[in-house]
Amino acid sequence: MSQSSCQQDTQWFGCYQGSWDLLVDDAVAHPAKMAGKLCFRIFEHLEELGLLHLGCVILDSMAGTGMTGLVAGIKGYPSILVELEPKFIAFCEANKAALEKKLGHPIDMTIIQGD
């Protein structure tokens, strides 16, 4: 496998396989949604590199379905999501509510509409 100069694996496979069970049914229709497995792998990679640790706040400036904020919440990070489109804001809000119901507790995810 190839490695970057930081000696971490840079070839990831299987990140688009699996279900979209973190998204409500309507949100799956988003044309450019982040794959959940890929998002988890990015978080894990940043943690392995020591670039992400508890106390960090995650910012997603093109939130789409809110996947980055959902994964952040599952992993214990607060997040701020920015999205312009009202339809996608609704996806973020619905996905957050569904995850909080599934987890049985709130996640620290702020959703801002804007560009």
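Predicted model: local features only at pLDDT ≥ 70, side-chain atom pairs only at ≥ 80, totals over all residues.
Reader: Which residue forms a salt bridge with K75?

Author: Residues are numbered from 1 along each chain as its sequence is written, and side-chain values use heavy atoms, leaving out hydrogens and water. A salt bridge here is a side-chain nitrogen of Lys or Arg within 4 Å of a carboxyl oxygen of Asp or Glu. For K75, the closest N and O atoms are 3.3 Å apart, and the partner is E47.

Reader: How many residues apart in sequence are the parts that K75 and E47 tie together?

Author: Helices are DSSP runs (H or I, at least four residues), numbered from the N terminus. K75 lies in helix α2 and E47 in helix α1 (residues 36-48), so the parts tied together are 28 residues apart.

Reader: Is R41 buried or exposed?

Author: R41 forms a salt bridge with E48, with 3.7 Å between the closest N and O atoms. Buried means under 20% relative accessible area, exposed over 50%, and partly exposed in between (1.4 Å probe, protein chains only). E48 is partly exposed at 46%, whereas R41, at 16%, is buried.

Reader: What is the relative accessible area of M67?

Author: M67 is found in helix α2 (residues 67-75). Beyond its neighbours within four places in sequence, M67 is in contact (heavy atoms within 4.5 Å) with residues including W20, L22 and M34. M67 is buried, and its relative accessible area is 2%.

Definitions and conventions: Helix = DSSP H or I, 4+ residues; strand = E, 2+ residues; numbered from the N terminus.
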